[in-house]
Amino acid sequence: MGNKYILSTLFGSLLTSQVSATVTNRPNILFVISDDQSYPHASAYGSSLIRTPGFDLVAQNGWLFNNAFVTSPGSSPSRASILTGLYPWQIEEAGTHASSFPVDYKCFPDLLEEAGYYIGYTGKGWGPGNWKISGRKRNPAGPEYNKMRIHPPYKGVSNINYSQNFKEFLHGREGNQPFYFWVGTNEPHRPYEKDSWEKADKRLTEAEVPPFLPDNPIIRKDLLDYGTEIEWYDSQLSQIIDILKEEGEFDNTLIIVMADNGMPFPLAKATCFEYGIHVPLAICWADGIKDGGVSDELVSSVDLFPTILDAAGIRYKGKKSGDSILPYLTKQRKTTGRNTIFAGRERHSSARYNNLGYPMRVLRTKEFLYIRNFCPERYPAGDPCYINKEGNLTPMYSAYFDIDQGPTWRFIIDEKDTPDIYPYFLKAVAKRSYEELYNISSDPGCLNNLVGDSKYMKELEHLRNKMNDTLKKTEDARYLNSSDQDQNVWETYPRLNGVIRTFPKPLF
């Protein structure tokens, strides 16, 4: 796959892009992406967990999407996919977690810059990973603007002043040059300040406990701390919007607000279940989108690359896997043209013997979620124990490093032997079947696997074949070279950030 695809990418880069002659007033691009936030956690969706006036304002002035999905439940591959408009399995090392980002893959900020845009980013761009080792001169999100700092109101909240960094960036451009700016918040990534929700004047009754987590005060408090960080990030978004208005740039700015993957709780982030890949999305552009609304159309994060270039009047001749939704946003088309989305994951953290990942591919329709686990013999959340720095084997249930550590997971581990909690523990860590099928309309928590149910055999076969066709078409090495999964090319990509742990060799 690698050499053939690199050659096609290099050939495409020779043609790259050109600016359409019909575009006379190109919009500015403001791309805002939070770190670990699931749908439906914004007040525009009716969530009682949080209040998000910034996100809501974008939705009210444009579109609010109920069915937006990222291509990976981990930040690094998800962000790389957004930047390139390609699925994670199409971009080699950039498609796994904390690795490199091959320079052969063009990113939309580069194309905007080539077309005359003034570009930059604040907060978290692409990452975690090492873009320098790939020969890149800067983060794929653009030049960095992170000098302005604040005293954060809560521990765990970044001290980067996103709004003032945006203002500094904006005042550095020349004349009326169109700009692109990426705001990558570090919130609501863990850790959280314990009981920060009390400072934010929240109540336990406001917590919305998803069906895959037990309803317990400890978990409710943890969810409220998560919500508090979303509210903090949203306050920065509101300030950025105010700056746009003060500068007279709001009306001609295409604003896209979303998240890179789901919430940092068991069975969400780092999984391909619903709460791992289903994210909030709001888009507005006062000059270009006169009449928006609330949409149930499917949207994939690979669609954003061509949408941004389309709005900027850039004709891109390279390879991409998404389609522009601009005609839908401007109501020139009645649909986005999508009836399926695709996502997947490889390695997330250092969580298994020999740094192996947990490869998954997923297909989502409006009603069903189909998952294929290529290595069902592995533990989905990581091995249950590891070898510590002293060379000693830790106790059972002390690892599972693909699950973000926090009060919720500690509670489930501590109470796993109780009848009420054991099913939640088992769902999070037990080995899974090769295939899973969930009816999202009746089971959004993905608790009831329908594989084996005779009523769904026809649907299962249809989704299975559709996934096969797409993985073949997009040249997924995990699908094409399935004879020895432990030796698959995906297992050779190095982990360049974060600790590398040692685990006992599996017995079989």
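**Figure 1. Helix α11 crosses helix α12 in a left-handed manner.** A crossing is left-handed if the near helix is turned anticlockwise from the far one by less than a right angle, and right-handed if clockwise. The model is predicted: local features need pLDDT of at least 70 and side-chain atom pairs pLDDT 80 or more, whereas totals for chains, interfaces and linings use all residues. Residues are numbered from 1 along each chain as its sequence is written, and side-chain values use heavy atoms, without hydrogens or water. Helix α11 spans residues 407-414 and helix α12 residues 422-429; their axes lie 9 Å apart at an angle of about 115°. Helices (DSSP H or I, at least four residues) and strands (E, at least two) are numbered from the N terminus. Axes are lines fitted to C-alpha atoms, for helices over the stretch in contact, with angles from 0 to 180 degrees between N-to-C directions. The two helices, α11 and α12, are therefore roughly perpendicular to each other (65 to 115 degrees; under 35 is roughly parallel, over 145 roughly antiparallel, and the rest oblique). W409, I412 and I413 of α11 meet F425, A428 and V429 of α12 (contact: heavy atoms within 4.5 Å). The residues of this contact between α11 and α12 comprise six nonpolar, no polar and no charged. Ala, Val, Leu, Ile, Met, Phe, Trp, Tyr, Cys and Pro count as nonpolar, Asp, Glu, Lys and Arg as charged, and the others, Gly among them, as polar.

**Figure 2. Helix α2 packs against helix α7.** Helix α7 covers residues 217-246, and its axis comes within 7 Å of that of α2, the two crossing at roughly 50°. This angle makes α2 oblique to α7. On the α2 side the contact is formed by P53, G54, F55, L57 and V58, and on the α7 side by D234, L237, S238, I241 and K245. Six nonpolar, two polar and two charged residues make up the contact of α2 with α7.

**Figure 3. Helix α5 also packs against helix α7.** The axes of α5 and α7 come within 8 Å and cross at roughly 25°. Helices α5 and α7 are therefore roughly parallel to each other, and their crossing is right-handed. Helix α5 contributes Y162, S163, Q164, F166, K167 and L170, while α7 contributes Q236, Q239, I240, I243, L244 and E246. In the contact of α5 with α7, six residues are nonpolar, four polar and two charged.

**Figure 4. A salt bridge joins K124 and D35.** The closest N and O atoms of K124 and D35 are 3.0 Å apart. K124 sits in the loop between β4 (118-123) and α5 (162-170), and D35 in the loop between β2 (28-34) and α2 (53-60), so this pair ties together parts that are 89 residues apart in sequence. In total the structure holds 30 salt bridges (a side-chain nitrogen of Lys or Arg within 4 Å of a carboxyl oxygen of Asp or Glu).

**Figure 5. Backbone geometry at P128, P191 and A98.** Most residues other than glycine have a negative phi, and most peptide bonds are trans. The peptide bond between G127 and P128 is cis, with omega about 0°; P128 lies in the loop between β4 and α5. A cis peptide bond also links R190 to P191, with omega about 5°, and P191 belongs to the loop between β5 (179-184) and α6 (196-199). A98, although not a glycine, has a positive phi of about 60°. The loop between α3 (75-84) and α4 (108-114) contains A98.
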